[in-house]
Amino acid sequence: MLWYQSIPSWFQNLFPKFIWQIPGQKKTVYLTFDDGPHPEITPWVMDELDKFNLKATFFCVGDNVRKYPETYKTVHTRGHQTGNHTMHHLKGWQTDTELYIQNVENCHDYVDSNLFRPPYGRIKRSQANILRKHYRIIMWTLLACDFEKNLDCHAAITGLKNKTKKGDIVVFHDSVKAEQNLKVLLPQYLQFLNENGFNCALL
Ligand SMILES: [Zn+2]
C-alpha cells in the first residue's frame, strides 16, 4: 500500500494524525534514512550530506544501534537527528499490539527520541493510538524505492525530481539491501535539491 513513490493526498487524509509532510512557506524538504545504522553505509550517507551541508533524520532499528553503537553516536555528533524504528523492524499489522509497543520501548532504550516511524508504514490504529501519546508518528510523502531489486534508477530519480515539492518528507534507506541503488540515487538527488534552491531541515 505504501510502496508508491509518492503518497497521494487522499490517502494521507485517511490518517490525519500521522505526520506526512511539514507545510511551510520555505522551500524545505525533510530527508530521512531508515533501517540503519550500518557501519559503512551510514557514514557514507553523512559524507554525501556534508558535501551540501545538509542535516537529516535517521530512523534507527534498535538492534542495529545495539550492534553499532559507535556509528549511532556519530550520527548525533555530526549534527543529525535520530528516530525510533522499533527494535526488530516489526510489521505492525502482523504483530500483537502489546508486543509491538514493547518492541518500540525496547528500541527507546537505545534511541532516545520522540520521533517514531512504523516499519513498512504499517501500523494498527490500536498501536498508533498508544504511541501517539509519546511520539510524533512520522510517515512520508516521497519514497526513493532504493530497496527495490532491479530498480530503474534513471526512472526513479526522474520521478523523485519531478515530484519533489516544499514540505516533503523523503525516505531513503541506509541498509545493505538498498546500498546499490542508494549510491546512485542519493548523490543525484542532493545535487538536484542544491541546484533548485531546496534546503533541508530536521523534523
Ligand atoms: Zn524500515
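Student: Which backbone oxygen lies 2.9 Å from a polar atom of the side chain of Q81?

Tutor: That of L203. Keep in mind that this is a predicted model. The Q81 side chain also makes a polar contact with the side chain of T57, at 2.8 Å.

Student: Is Q81 buried or exposed?

Tutor: The cut-off for buried is under 20% relative accessible area. Q81 counts as buried because its relative accessibility is 18%. Residues it touches include A56, F58, V75, L115 and L202, leaving aside those up to four places away in sequence.

Student: Where is Q81 found, and how do I read the faces of that element?

Tutor: Start with the general idea. In a regular strand, side chains alternate between the two faces of the sheet. Now this case. Q81 is found in strand 3. Q81 and G83 lie on one side of strand 3, T82 and N84 on the other, and all are buried. Both faces are therefore covered.

Student: In which sense do strand 2 and strand 3 pair?

Tutor: Parallel, over 4 bridges.

Student: What are the protein donors of the zinc ion?

Tutor: D35 through OD, and H85 and H89 each through NE2. They lie 2.0 to 2.1 Å from the zinc ion. The spacing of these donor residues in sequence is D-x49-H-x3-H. H85 counts as buried, because its relative accessibility is 1%.

Student: How many salt bridges does the structure hold?

Tutor: The count is 8. One of them joins the side chains of R117 and D34, with N to O at 2.7 Å. This pair links distant parts of the chain, 83 residues apart: R117 is in the loop between strand 4 and helix 6, and D34 is in strand 1. R117 is buried at 0% relative accessible area, and D34 is buried at 4%.

Student: Which residues are linked in a network of salt bridges?

Tutor: D47, D50 and R78. Between R78 and D50, the closest N and O atoms are 2.8 Å apart. R78 lies in the loop between helix 4 and strand 3, and D50 in helix 2, so the pair ties together parts 28 residues apart in sequence. R78 counts as partly exposed at 24% relative accessibility, and so does D50 at 38%.

Student: Which residues have the most contacts inside the largest nonpolar core?

Tutor: L31, F33, F172 and Y189, in a core of 62 residues. Helix 8 supplies the largest share of this core, 7 residues. Y189 touches L31 and F172, among others.

How values were computed
Residues numbered from 1 in each chain as written. Predicted model: local features only at pLDDT ≥ 70, side-chain atom pairs only at ≥ 80, totals over all residues. Heavy atoms only, no water. Buried < 20%, exposed > 50% of the residue type's maximum accessible area, 1.4 Å probe, protein only. Helix = DSSP H or I, 4+ residues; strand = E, 2+ residues; numbered from the N terminus. Pairing = 2+ DSSP bridges. Donors = N, O, S within 2.8 Å, 3.2 Å for Na, K, Ca; no water. Core = buried A, V, L, I, M, F, W, Y, C linked by side-chain atoms within 4.5 Å. Contact = heavy atoms within 4.5 Å. Polar contact = N/O pair within 3.5 Å; in protein donor to acceptor, adjacent residues only side chain to side chain. Salt bridge = Lys/Arg side-chain N within 4 Å of Asp/Glu carboxyl O.
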